[in-house]
Amino acid sequence: MKNIKIYIKTILLSIPITLIYLLMFTSLHYFGIMPYNVLKILSLIFTIIIFILMGINVSRTIRNKGYINGIIVGVIYVIILILLSLILRENLTIKSLVYYVVLIASSTVGGIAGINIKLFNKKNYVK
């Protein structure tokens, strides 16, 4: 039960961040500052970064089995994205499924990295 709270907290933290960067990039495209091709690439990059950070956050909080926790938080977020796309009447294509697999893989990498990242504290720091 405790892990579910961590997953939900991480996802609820990442949704506003995702919306802010999407609003920012869409505004730049709308006003003609950013071409559509650049918008697509930057959107993919920032989404992958957010999924990596979600995996890191979950695995650093739970402190064990980072890859499983990264997969779980990634799958939960991807299910939310799929449900939103179905509500907005978007069809699932092979391209979108590959996109979702890449996002889950990103959160898995973040989970693995989160377990292995060592922060400098007084015990680990050697002068």
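Rings of Phe, Tyr and Trp, the last by its six-membered ring, pair if their centres lie within 6.5 Å; planes under 30 degrees apart are stacked, over 60 edge-to-face, and the rest tilted. By this rule there are six aromatic pairs. One of them joins Tyr 30 and Phe 31, edge-to-face, with 5.1 Å centre to centre and 75 degrees between the planes. Tyr 30 and Phe 31 are both exposed. Exposed means over 50% relative accessible area, buried under 20%, and partly exposed in between, with a 1.4 Å probe and protein chains only. Tyr 21, Phe 25 and Phe 46 form one aromatic cluster.

A word on the source. This is a predicted model, where local features need pLDDT of at least 70 and side-chain atom pairs count only at pLDDT 80 or more, while totals for chains, interfaces and linings use all residues. Residues are numbered from 1 along each chain as its sequence is written, and side-chain values use heavy atoms, with hydrogens and water left out.

Now the overall fold. The protein chain has four helices and zero strands. Its pattern along the sequence is α-α-α-α. Helices here are DSSP runs of H or I with at least four residues, strands are E runs of at least two, and numbering starts at the N terminus. The C-alpha trace spans about 50 × 35 × 25 Å along its principal axes. Of the 127 residues, 30% count as buried. Take the contacts with a separation of 6 or more: 71% are between residues 24 or more positions apart. Contact means heavy atoms within 4.5 Å.

Next, H3. Buried residues in H3 include Gly 66, Gly 70, Gly 74 and Tyr 77. The buried residues of H3 pack against H1, H2 and H4. After H3 comes Arg 89, with a positive phi near 65 degrees.

Tyr 77 also leads us to Ser 14. Ser 14 sits in helix H1, residues 2–30. Ser 14 counts as buried because its relative accessibility is 5%. Leaving out residues up to four places away in sequence, Ser 14 touches Ile 50, Met 54 and Tyr 77.

On to the largest pocket. Rolling a probe the size of a water molecule over the atoms shows where empty space is left. A pocket is an open set of points on a 1 Å grid over the protein atoms alone, where a 1.4 Å probe fits, with protein on both sides within 12 Å along at least five of seven lines; lining residues have an atom within 4 Å of a point. The largest pocket holds about 1200 Å³ of space. H2 gives the largest share, eight residues.

Last, H4. Val 102 is found there. Is Val 102 buried or partly exposed? Val 102 counts as partly exposed, because its relative accessibility is 33%. Val 102 and Ile 112 are 10 residues apart in sequence and 15 Å apart in space, C-alpha to C-alpha.

Terms used
Grid points are joined across faces, edges and corners, and a volume is the space filled by probe spheres set on the points.
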